[in-house]
Amino acid sequence: LRYLFIIFPKRKKKIIITDRYCSDILLMTNVPLKLKKFLLSLFPKPTITFYLHNDPQILFDRRKQQPPEELEWQMDMFEHLVQSFNAKKIRTEDPDIDFRTITNETFEYFMKNRY
């Protein structure tokens, strides 16, 4: 509901930056993928999306709160989200390089669309 009543109306007026776009829906367990996709279809799509990813084992080594198998399953679910709109995939290696890539892509978008 937050997306529909807060973020979507604000998007019509200004730039909104969020993280984890609808990830709660995708990560529901015991819910068929078709139902997840239907629920996602109800949400407004983001204008620019960056999908930060890496190998499950590398993610696990960075943060050991979830097992690699769980991380791999999550990444598979996020692939469905990435396919539903044009997300720019960035393999996380170096935080500074990743930040510059995102900054450059965003600035380029703003310049093309005269923000």
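Y51 and F78 are both buried in this predicted model. Each therefore falls under 20% relative accessible area. Y51 belongs to strand 1, which spans residues 49–53, and F78 belongs to helix 5. The two residues also form an aromatic pair. Across the whole structure, the search returns two such pairs. A pair of rings is described by the distance of the centres and the angle of the planes. For Y51 and F78, the ring centres are 6.3 Å apart. The planes meet at 55 degrees, so the pair is tilted. Edge-to-face would require an angle over 60 degrees, and stacked an angle under 30. Because Y51 is in strand 1 and F78 in helix 5, the pair ties together parts that are 27 residues apart in sequence.

The structure as a whole contains six salt bridges. One of them links K89 to E79, with the closest N and O atoms 3.0 Å apart. K89 lies in strand 2 (residues 87–91), whereas E79 lies in helix 5 (residues 68–83). K89 has a relative accessible area of 44%, and E79 has 26%.

A further salt bridge joins R91 and E93. Here the closest N and O atoms are 2.9 Å apart. R91 is partly exposed, at 36% relative accessibility. E93 is exposed, with a relative accessible area of 55%. The contact extends beyond these two residues. Through shared partners, salt bridges join D55, R91 and E93 into one network.

K64 and D61 also meet in a salt bridge through their side chains. The N to O distance is 3.7 Å, which lies within the 4 Å cut-off, so the contact counts as a salt bridge. K64 is exposed, with a relative accessible area of 55%. D61 is partly exposed, at 46%. The cut-off for exposed is over 50%, so K64 and D61 fall into separate classes.

Terms used:
Residues are numbered from 1 along each chain as its sequence is written. This is a predicted model: local features need pLDDT of at least 70, side-chain atom pairs count only at pLDDT 80 or more; totals for chains, interfaces and linings use all residues. Side-chain values use heavy atoms; hydrogens and water are left out. Buried means under 20% relative accessible area, exposed over 50%, partly exposed in between (1.4 Å probe, protein chains only). Helices (H or I, at least four residues) and strands (E, at least two) are DSSP runs, numbered from the N terminus. Rings of Phe, Tyr and Trp (its six-membered ring) pair if their centres lie within 6.5 Å; planes under 30 degrees apart count as stacked, over 60 as edge-to-face and the rest as tilted.
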